[in-house]
Amino acid sequence: MVSTDFKSVLQRFYQLQSERLETYRLFEEGHEAYLRTGPQYDFDHYRQLVHEITQAFSGISKEVLQIKTRLDQDFDRADLSEHIEKLQSKEKQKLELTAKLQLARQQAQDHPEEEGSQEKIQELKQEIIKNKEALSEIMQDFKYDSED
């Protein structure tokens, strides 16, 4: 019985990670659409998107943290709980980097004459790549340890 429950908790966790990736994709598409409305910008529409994305991420994080607690308390899997803690920290960083990148893109679009805009965008993209690699590593560790 416990193993079935454990498996369903793991499945839900992986499902939430997929939802998180999909939410990023929607966020990115929404930002691209927003940039196309420049220089007047449809800010109200974008603000609504940001609100919805924030709610989605918040809901996902809340449920992931509940899973973290269950893994630790119900299944005595502090190792998996730690992976989730690291993951949550990296996901928070990824969201912050994504927001910075979106601002940098808008800045570059609004002020093409400004020096260093493209470099800043490239730096942020590199940081996001490193972040995604770290996330991938954490997920691999989680998968490996959860199969023990």
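Biologist: P39 lies in the loop between α1 and α2. What kind of peptide bond joins G38 and P39?

Modeller: This is a predicted model, in which local features need pLDDT of at least 70 and side-chain atom pairs pLDDT 80 or more, while totals for chains, interfaces and linings use all residues. Residues are numbered from 1 along each chain as its sequence is written, and side-chain values use heavy atoms, without hydrogens or water. The bond between G38 and P39 is cis, with omega about 0°.

Biologist: Which residues of α2 are buried?

Modeller: Buried means under 20% relative accessible area, exposed over 50%, and partly exposed in between, with a 1.4 Å probe and protein chains only. In α2 the buried set includes Y46, L49, I53, F57 and K68. Across the 148 residues of the protein chain, 36% count as buried.

Biologist: Which loop holds Y41, and what is its phi?

Modeller: Y41 is in the loop between α1 and α2. Its phi is near 55°, a positive value in a residue other than glycine, and Y41 counts as buried at 15% relative accessibility. D76, in the loop between α2 and α3, has phi near 55° as well; D76 is exposed at 66%.

Biologist: How many salt bridges does the structure hold?

Modeller: A salt bridge is a side-chain nitrogen of Lys or Arg within 4 Å of a carboxyl oxygen of Asp or Glu. The structure holds 14. One of them pairs R70 with D5 at 2.8 Å, N to O. That pair links distant parts of the chain, R70 in α2 and D5 in α1 (residues 2–36), 65 residues apart. R70 is partly exposed at 30%, and D5 is partly exposed at 28%.

Biologist: What is the N to O distance between E28 and R105?

Modeller: The distance in that salt bridge is 2.6 Å. E28 lies in α1 and R105 in α3 (residues 78–110), so the pair ties together parts 77 residues apart in sequence. E28 is partly exposed at 25%, whereas R105 is buried at 19%.

Biologist: How far apart in helix α2 are R47 and D44?

Modeller: R47 and D44 are 3 residues apart in α2, about one turn of the helix. The closest N and O atoms of their salt bridge are 3.0 Å apart. R47 is partly exposed at 48%, and D44 is exposed at 53%. Elsewhere, salt bridges that share partners join D5, R70 and D74 into one network.

Definitions and conventions:
Helix = DSSP H or I, 4+ residues; strand = E, 2+ residues; numbered from the N terminus.
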